[in-house]
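Open the model in your viewer and show it as a cartoon.

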Amino acid sequence: MAPCLHDGKVSVEWKVAADHMLELHWVEKLGETSPEPRGAADNGGSGSGTRLIEGVIRGLGGNVDTQFNPQGLRTTIRVPAPEQELI
């Protein structure tokens, strides 16, 4: 079990890009005491949760770009924006 860490941060931002794709940017900045996610470097983040998210996003006509690095996790999710205006 991973230790409980309290000094990390998560940032989530979204926008509708010029190509009418909804872009969601998820950034996790690990605290100084954080170890590298177990298996992240070995499997490129291809655990069952990652595969599930990628499958759902692909099913919506989008894509997911995930990068693990010592500072944390950066993920960009792009899906077609709905025709109606987003709030």
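How many helices and how many strands are there in the protein? The model, which is predicted, has 2 helices and 4 strands. Trace the chain along the sequence and the elements come in the pattern β-β-α-α-β-β.

Keep the whole protein selected and switch to a surface. Of the 87 residues, 20% count as buried. Among contacts with a separation of 6 or more, 48% are between residues 24 or more positions apart.

Next, select residues 9-16 and 21-29. These are strands S1 and S2, which pair in the antiparallel sense over 8 bridges. Show side chains for Val 12 and Trp 26: Val 12 stands opposite Trp 26 in S2. Then go to the turn of this hairpin, where 4 residues lie between the strands. His 20 takes a positive phi near 65° there.

Stay on Trp 26, which is also one of the residues lining the second largest pocket. H2 gives the largest share, 4 residues.

Colour the lining by class to see 6 nonpolar, 4 polar and 2 charged residues. The space in this second largest pocket is about 220 Å³.

Note on methods. Residues numbered from 1 in each chain as written. Predicted model: local features only at pLDDT ≥ 70, side-chain atom pairs only at ≥ 80, totals over all residues. Heavy atoms only, no water. Buried < 20%, exposed > 50% of the residue type's maximum accessible area, 1.4 Å probe, protein only. Contact = heavy atoms within 4.5 Å. Pairing = 2+ DSSP bridges. 1 Å grid on protein atoms, 1.4 Å probe; cavity = no way out; pocket = protein on both sides within 12 Å on 5 of 7 lines; lining within 4 Å. Points joined across faces, edges and corners; volume = space filled by probe spheres on them. Nonpolar A, V, L, I, M, F, W, Y, C, P; charged D, E, K, R; others polar.
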